[in-house]
Amino acid sequence: MVKILISGCNGHMGRVVADICKARSDAEVVGGFDILGQGDGSFPVWSNPVQCAVEADAVIDFSSPAALENLLAFGKEKHVPLVLATTGYSEEQLAAIDAASKEVPIFRSANMSLGVNVLMELVKRCASLLGEDYDVEIVERHHNRKVDAPSGTALMLYEAAAQGLPYQPNPVYDRHAVRQRRDPHDIGISAVRGGNIVGDHEVIFAGRDEVVELKHSAMSREVFASGAVKAACYLAGVNEPGLYNMNDLVSAVV
Ligand SMILES: NC(=O)c1ccc[n+]([C@@H]2O[C@H](COP(=O)([O-])OP(=O)(O)OC[C@H]3O[C@@H](n4cnc5c(N)ncnc54)[C@H](O)[C@@H]3O)[C@@H](O)[C@H]2O)c1
């Protein structure tokens with residue numbers, strides 16, 4: 001049985017992670033962290049990981065970049081692997097994650113769904129096949145509560161396209177400020193926010209007289225929560241410190 005702590009346990013994703021663990025026989029939630037304090041009473045909740053009074057095999061974090069410092073300190077001190085699913089980290093925070101992964105196993109992915117990770121591969125392949133002759137644009141849509149834009153997944157899709165293209169593209173987030181034609185090496189990244197859209201990502205390859213579109217839609221939060229629990233079970237069995245991602249998980253389970 002893998003003992004799991006949920007960081008951000010009172011949030012939308014944290015609650016779905018708890019439900020997924022209840023339905024599994026190999027994972028159990030032993031506690032949670034949340035600045036809001038107490039949850040529904042089904043497990044103990046601490047506002048700061050430093051107060052945590054239980055043993056655990058892994059932490060799953062769906063909270064906020066503001067929680068990172070305490071989480072990394074907790075993971076390193078207690079030698080508990082961390083699954084970081086939160087998005088919107090700064091460059092400094094990404095460097096801190098990298099440094100901490102030399103001491104403790106850390107799994108980080110801005111998107112925990114298997115489908116999106118297959119989409120990445122398709123985007124890379126499409127970019128290498130269509131090359132210079134097609135304009136690449138990325139459009140993402142999320143619910144009206146999301147604070148970071150563009151989404152971490154849109155940035156991952158940009159990186160996937162960049163790996164396949166024969167040139168280094170320029171990401172363009174805002175065409176409002178400059179009045180000029182699109183540069184052929186631009187990749188426009190547009191963010192739509194509204195309602196309760198769980199998460200849509202679309203990569204458009206627009207050529208002369210034809211358009212290729214690759215799209216992923218998440219229908220519920222379960223797809224991400226379930227991927228994060230699988231990642232925690234995988235990480236709990238990894239003894240080596242390091243930075244792990246969905247490719248490691250997919251290779252381990254396929
Ligand atoms: N990687 C993925 O597949 C994936 C999927 C969905 C959401 N996310 C990300 O997960 C994060 C949470 O999403 P959500 O929709 O559940 O948000 P939410 O606002 O519903 O929940 C966040 C929870 O974290 C808590 N929190 C905030 N700051 C904290 C801190 N400093 N310390 C401890 N707890 C803190 C809040 O009180 C809240 O309960 C976001 O960054 C989102 O982009 C990632």
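Serine 42 is placed in the loop between S2 and S3, where helices (H or I, at least four residues) and strands (E, at least two) are DSSP runs numbered from the N terminus. The structure is a predicted model, in which local features need pLDDT of at least 70 and side-chain atom pairs count only at pLDDT 80 or more, whereas totals for chains, interfaces and linings use all residues. Residues are numbered from 1 along each chain as its sequence is written, and side-chain values use heavy atoms, with hydrogens and water left out.

Serine 42 counts as partly exposed because its relative accessibility is 44%; buried means under 20% relative accessible area, exposed over 50%, and partly exposed in between (1.4 Å probe, protein chains only). The side chain of serine 42 makes a polar contact with the side chain of aspartate 40 at 2.6 Å. A polar contact is a pair of N or O atoms within 3.5 Å; within protein, one must be able to donate a hydrogen and the other to accept it, and residues adjacent in sequence count only if both atoms are side-chain atoms. Between serine 42 and threonine 86, which are 44 residues apart in sequence, the C-alpha to C-alpha distance is 23 Å.

Aspartate 34 is found in the loop between strand S2 (27–33) and strand S3 (45–46). Aspartate 34 is buried yet has no salt bridge, and the nearest side chain of opposite charge, arginine 15, is 7.8 Å away. A polar atom of the aspartate 34 side chain lies 2.9 Å from the backbone nitrogen of leucine 36. When residues up to four places away in sequence are not counted, aspartate 34 touches Gly8, Cys9, Asn10, Gly11, Val45, Trp46 and Ser47, contact meaning heavy atoms within 4.5 Å.

The protein is divided into domain 1 (2–108 + 221–253) and domain 2 (114–218), with bounds that come from an automatic or database domain assignment. The C-alpha centres of domain 1 and domain 2 lie 28 Å apart. Eight residues from domain 1 and eight residues from domain 2 take part in the contact. The two domains bury about 730 Å² between them, 60% of it on carbon and sulfur atoms; buried area is the accessible area (1.4 Å probe) that two parts lose on being put together, summed over both. Of the area that domain 1 buries against domain 2, Thr87, Arg221 and Met246 supply 51%, more than any other three residues. Across this interface the rule finds zero salt bridges, while two residue pairs are in polar contact, both at pLDDT 80 or more. On the side of domain 1 that touches domain 2, the elements giving two or more residues are helix H6 (222–236) and helix H7 (246–253).

Phenylalanine 224 lies in helix H6 and counts as buried because its relative accessibility is 13%. Neighbours within four places in sequence aside, phenylalanine 224 is in contact with Met13, Phe62, Asn111, Met112, Ser113, Val198 and Ala218. The C-alpha atoms of phenylalanine 224 and alanine 99 are separated by 26 Å, the two residues being 125 residues apart along the chain.

The structure holds seven salt bridges. In one of them, glutamate 137 pairs with arginine 175, with the closest N and O atoms 2.8 Å apart. This pair links distant parts of the chain, 38 residues apart, with glutamate 137 in strand S7 (residues 135–142) and arginine 175 in the loop between strand S8 (170–172) and strand S9 (186–193). Glutamate 137 counts as buried at 17% relative accessibility, whereas arginine 175 counts as partly exposed at 41%. A further salt bridge joins arginine 193 to glutamate 140, the closest N and O atoms being 2.7 Å apart. Arginine 193 lies in strand S9 and glutamate 140 in strand S7, so the pair ties together parts that are 53 residues apart in sequence. Glutamate 140 is buried, with a relative accessible area of 0%, and arginine 193 counts as partly exposed at 28% relative accessibility.

Aspartate 148 forms a salt bridge with lysine 146, the closest N and O atoms being 3.1 Å apart, and both residues are buried.

Note on methods
Lys, Arg positive; Asp, Glu negative; His and termini not counted. Salt bridge = Lys/Arg side-chain N within 4 Å of Asp/Glu carboxyl O.
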